[in-house]
Amino acid sequence: YSTQSASAQANREGEFAPVSSAPVTRFSELSRLGVNTRLIEALTRGMGYDAMTEVQAMAINPALKGSDMVAQAKTGTGKTLAFLVPVFQRVLMDQPDLADIRNRRRSSSENIRAIILSPTRELAEQIGVEARKLAKNTGIVVQTAVGGTRKREALQKMWREGCDVLVATPGRLNDLLSDPGARVAAPKLQAFVLDEADRMLDVGFSDEIRDIQNSLPSKNEVERQTLLFSATIPRDVVHLAKSMVRPDNFQFVQTIK
Ligand code: ADP
Ligand code: MG
């Protein structure tokens, strides 16, 4: 108790930086890290989650502080929310009016805030489902763009509804970004996620990923966060990661189980 009051005193006088606290391991406690209430409600009341999984606890805390990240954890350990939570918070932080649905600015397919790349259509659709649950009541518009679907229809949906967060396969995203008629762009991209990076390279998407990186605004123009998630980290994933993350603002997260 006395230590607490001493540090409170020091803080009041501005002598010390705020006392660092234990990492948050429950979704309901994310308010301590300043996470938007609507996101917390979606996670707890909407989706019914309570305790974070190991990779979620290890990744969400530093990612909320803006750090780039390479995270390794086995399949089925909850990696999707480990990146969705910090990405959504970042999108909401910069656009607080998004949360006020009555007063919401029009979302645009030419101003995408976050891009999540997934190696297959099925995985992208699964991420899209989870992302829409999380987006409920936040005003964030989530779209998916995958191969094997009618491009025109998907585009018309994006133009009509807007797009804040895009979940895509690399081939289709590359196609959209390189087609000026598609009116898909991300000049103010705030977050870029590569999910299942090992599978992405196995499927042979490294050229597409490079092209996508080249069509996005350079990191100097926008403060963009890059998160790379993978079940395994073979040499080619290390190489890709090194070309993507900011070496001075980067965390490597690895779960043991
Ligand atoms: P991964 O991407 O690591 O393979 P997923 O993100 O697909 O794992 O999650 C696997 C399963 O675990 C999903 O059914 C998801 O709903 C569930 N899940 C994720 N996080 C939690 C949690 N904190 N508590 C309980 N179940 C969770
Ligand atoms: Mg996954």
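## Basis and overall make-up

Residues are numbered from 1 along each chain as its sequence is written, while chains are lettered from A and ligands numbered from 1 in the order in which they are written. The model is predicted: local features need pLDDT of at least 70, side-chain atom pairs count only at pLDDT 80 or more, and totals for chains, interfaces and linings use all residues.

The protein chain has 10 helices and 7 strands. These are DSSP runs numbered from the N terminus: H or I of at least four residues for helices, E of at least two for strands. Of its 257 residues, 40% are buried. Buried takes 20 or more other C-beta atoms within 10 Å of a residue's own, exposed 12 or fewer, and partly exposed lies in between, with C-beta atoms placed from the backbone. Among contacts between residues at least 6 apart in sequence, 75% join residues at least 24 apart. A contact needs C-beta atoms, placed from the backbone, within 7 Å.

Strand β5 spans residues 191–194. Both its faces are covered. Ala191 and Val193 are buried on one side, Phe192 and Leu194 on the other.

β5 pairs with β2 (residues 114–117) in the parallel sense over 4 bridges. Pairing requires at least two DSSP bridges between strands. Here Leu117 stands opposite Leu194. β6 also runs parallel to β5, joined by 4 bridges. Phe192 stands opposite Thr226 in β6.

## Loop residue Leu216

Leu216 sits in the loop between α9 (206–215) and β6 (225–230). Leu216 counts as partly exposed because it has 19 C-beta neighbours inside 10 Å. Leaving aside neighbours within four places in sequence, Leu216 contacts Ala186, Leu189 and Phe192.

## Helix α5

Just after α5, Asn137 takes a positive phi of about 70°.

## Around ligand 1

Ligand 1 is surrounded by 13 residues. The closest are Thr75, Thr77, Gly78, Lys79 and Thr80. A residue is near if its C-beta atom, placed from the backbone, lies within 6 Å. Helix α4 (residues 79–94) gives the most to this shell, with 3 residues.

Note on methods: Contact = placed C-beta atoms within 7 Å.
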